[in-house]
Amino acid sequence: MTYALLCAVFLGVAVAAAIGLTVTRRHGSRKGAPRNVALAAVLASAALLVLTAVFDNVMIAAGLFAYSDGHISGLRIGAAPIEDFTYQLAAAILLPALWLFLRRRHDS
């Protein structure tokens, strides 16, 4: 299995779960809350992606780990394969949806 396929599955599960959690949303939630959460998620995602780019490149350059070229797509940001950024994207999609879902359940 390639790293890209594993990332696609992981991202697909996160997107499906976020959609499922969003569809079960109750009406009457606080006005503006989803917009605030979306903005916070975008800002957190940007910070996570920058930190991932910096620290993955540092750790790869230090020889802490390496990637087999046969298992990655070949697209890189510096020395870090593009697939390394999937987990932050999945977290940025799934965690705000889960947080809103659990908050709505707690508020009702």
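This is a predicted model: local features need pLDDT of at least 70, side-chain atom pairs count only at pLDDT 80 or more; totals for chains, interfaces and linings use all residues.
Asp 69 comes out as exposed, at 61% relative accessible area (exposed means over 50%, buried under 20%, and partly exposed in between, with a 1.4 Å probe and protein chains only). Its partner is Arg 76: the two side chains meet in a salt bridge, 3.2 Å from N to O. Arg 76 sits at 35% relative accessibility and so counts as partly exposed. A salt bridge here is a side-chain nitrogen of Lys or Arg within 4 Å of a carboxyl oxygen of Asp or Glu, and by that rule the count comes to 1.

Residues are numbered from 1 along each chain as its sequence is written, and side-chain values use heavy atoms, leaving out hydrogens and water.

As for the overall layout, the protein has 3 helices and 2 strands, running α-α-β-β-α from the N terminus. These elements are DSSP runs numbered from the N terminus, with helices being H or I of at least four residues and strands being E of at least two. Of the 108 residues, 27% count as buried. Taking contacts (heavy atoms within 4.5 Å) with a separation of 6 or more, 72% are between residues 24 or more positions apart. The protein exposes about 7200 Å², with carbon and sulfur atoms supplying 71% of that; accessible areas come from the Shrake-Rupley method with a 1.4 Å probe, and for residues only the protein chains shown count as cover.

Glu 83 is buried but has no salt bridge, and the nearest side chain of opposite charge, Arg 76, is 7.6 Å away. For charge, Lys and Arg count as positive and Asp and Glu as negative, with His and the chain ends not counted. Beyond its neighbours within four places in sequence, Glu 83 touches Tyr 3, Ala 4, Cys 7, Ile 72, Ser 73 and Leu 75.

Over on helix H2 (residues 33–61), which holds Val 54, there is a surface feature to look at. Val 50, Leu 51, Val 54, Phe 55, Val 58, Met 59 and Leu 64 form a nonpolar surface patch with about 650 Å² of accessible area together. Patches take residues with over 30% relative accessible area and no salt bridge, joining like charges within 9 Å and nonpolar side chains (Val, Leu, Ile, Met, Phe, Trp, Tyr) within 5 Å. Val 54 is partly exposed at 42%.
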